[in-house]
Amino acid sequence: MKTQILAFILSIAVCFGARAELKFDKTEIELHPKPDDKQAVGHFTYQNTGKTPVKFKSVKASCGCTAAQTQKDEVPAGEKGEVTATFNIGDRTGTQVKTVTVETDDPANPHTVLTLRTIIPQLLEVSPTFVFWKQGEKADPKAITVKVGKEFTVKHIKVTSSAPDYQTKVEETGKGEFKIDVQPKDTNTANGTTLTIQSEDSPKVFYATARVTGAPPAPMVPAPAGQPAPVPPADQKAPVAKTAPTGQTH
Amino acid sequence: MKLSLTRQALVLAALSLFPAMGEAIYFRGKISWRSPIPPSEMVSVDQARALGGNVIWVDARPDEEFARDHVPGALSLNEDRWNELLPQFLAAWSPGKKVVVYCSAESCDLAREAAERLRKEAQVPDVFVLEGGWEAWLKKNR
């Protein structure tokens with residue numbers, strides 16, 4: 001019995017000693033891009049600490065917004081390298097966690113998950129980003145709050161409406177907060193405006209939308225069984241206001 | 001003989017615990033779990049269909065995938081061009097409409113993230129994520 005166990009342990013030890021092993025220095029990286037950065041790049045460095053070469057079979061990112069690349073297809077024993085993960089920030093906000101799965105021919109460790117945590121700084125936080133009035137509703141002003149991010153100082157913001165049918169009024173409420181009052185001239189017709197919000201010393205633009213919405217839809221009628229439901233017209237485009245913008249600075 | 005085999009099995013099982021414990025300690029806190037979507041925020045293809053014309057389909061996949069194919073009438077709204085695409089969606093929305101967001105498959109996160117932004121940032125009510133995503137829709141409709 002003892003001999004059998006000893007033989008088993010020895011065989012495991014021999015296997016471990018001879019195997020290839022791609023060892024990553026870190027499997028999770030946290031990135032802090034600047035407010036205007038378009039991309040965030042993480043470098044996952046590794047070393048083949050085994051005695052045989054390791055081949056990469058695939059490197060896949062969890063999302064189309066992240067591109068992952070290896071420098072080489074095969075890593076000889078003892079060599080170092082890195083997997084580069086490039087995250088396209090786009091219009092994303094907050095903390096973004098994306099993963100890259102590395103598949104190798106190392107039988108002991110065929111899959112490694114690399115995690116890229118990107119903390120996107122938010123200069124201004126606009127809430128809500130959408131206000132609306134139902135057609136025929138009283139055209140009272142509606143408030144949008146703009147909070148300045150903790151690590152930033154903003155003294156003034158500029159708000160521009162794409163349509164002259166909407167008026168905006170900016171008020172500083174203190175503690176790094178602003179209040180934007182938006183008001184349509186009337187609510188007789190369905191229309192909308194895009195509000196562009198900018199701080200005085202940053203090119204970064206933030207948006208909010210104000211709309212007078214059409215009449216509520218008619219009561220629901222379930223689609224007949226086996227037939228696809230009717231859907232809105234294909235690829236609707238929002239009416240774009242081409243009127244001169246009205247702006248207000250605070 | 002039977003006793004010996006049982007003993008060996010127990011010893012092997014006990015031995016396997018050590019590397020497992022080591023791995024659990026080494027990787028603690030390194031696994032990023034996705035927060036599950038509450039069932040009340042999910043709809044199946046059949047449930048979405050039953051909403052009839054009262055639904056706006058939102059495709060949260062990247063532009064290339066949307067261009068290749070999408071649910072008829074769906075609006076593209078992805079986080080690569082969120083600020084540019086959101087006004088199109090809001091122009092189609094009106095109070096009382098339900099919104100069904102989808103991405104490629106069950107495993108993708110894009111629909112969940114887009115739905116969350118619509119609810120929290122734009123404060124649009126009745127936003128649901130399609131169970132199984134585009135793959136599920138294709139299975140039922142093609």
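## Strands 10 and 12 of chain A

Strand 10 of chain A pairs with strand 12 of chain A in the antiparallel sense, over four bridges. Strands here are DSSP runs of E with at least two residues, helices are runs of H or I with at least four, and both are numbered from the N terminus. Two strands pair if DSSP finds at least two bridges between them. One bridge joins A:Glu125 to A:Lys147 in strand 12 of chain A.

Strand 10 spans residues 124-127 of chain A. Its covered face holds A:Leu124 and A:Val126. A:Glu125 and A:Ser127 make up the uncovered face.

## Model and numbering

This is a predicted model: local features need pLDDT of at least 70, side-chain atom pairs count only at pLDDT 80 or more, and totals for chains, interfaces and linings use all residues. Residues are numbered from 1 along each chain as its sequence is written, while chains are lettered from A and ligands numbered from 1 in the order in which they are written.

## Chain A overall

Chain A has 18 strands and one helix. Of its 250 residues, 26% count as buried. Buried means 20 or more other C-beta atoms within 10 Å of the residue's own; exposed means 12 or fewer; partly exposed lies in between; C-beta atoms are placed from the backbone.

Take contacts in chain A with a separation of 6 or more: residues 24 or more positions apart account for 67% of them. A contact requires C-beta atoms, placed from the backbone, within 7 Å.

## The loop at A:Gly136

A:Gly136 sits in the loop between strand 11 (130-134) and strand 12 (142-148) of chain A. A:Gly136 is exposed, because 11 other C-beta atoms lie within 10 Å. A:Asn88 is 48 residues away along the chain, and the two C-alpha atoms are separated by 43 Å.

## The sheet of chain B

Chain B is divided into domain 1 (1-31) and domain 2 (39-141). These bounds come from an automatic or database domain assignment. The C-alpha centres of the two domains of chain B lie 45 Å apart.

Five strands of chain B form an open, parallel sheet in the order 1-5-4-2-3. Strand 1 (42-43) and strand 3 (75-76) of chain B stand at the edges with a single partner strand each, so one side of each lacks a neighbour in the sheet. Strand 2 (residues 55-59) of chain B pairs with strand 3 of chain B over two bridges, in the parallel sense. B:Val58 has B:Leu75 in strand 3 as its bridge partner. Helix 5 (residues 110-120) of chain B packs on the sheet, touching strand 2, strand 4 (98-102) and strand 5 (127-130) of chain B. The direction of helix 5 makes about 175 degrees with that of strand 5 of chain B. Axes are lines fitted to C-alpha atoms, for helices over the stretch in contact, and angles run from 0 to 180 degrees between N-to-C directions.

Note on methods. Contact = placed C-beta atoms within 7 Å.
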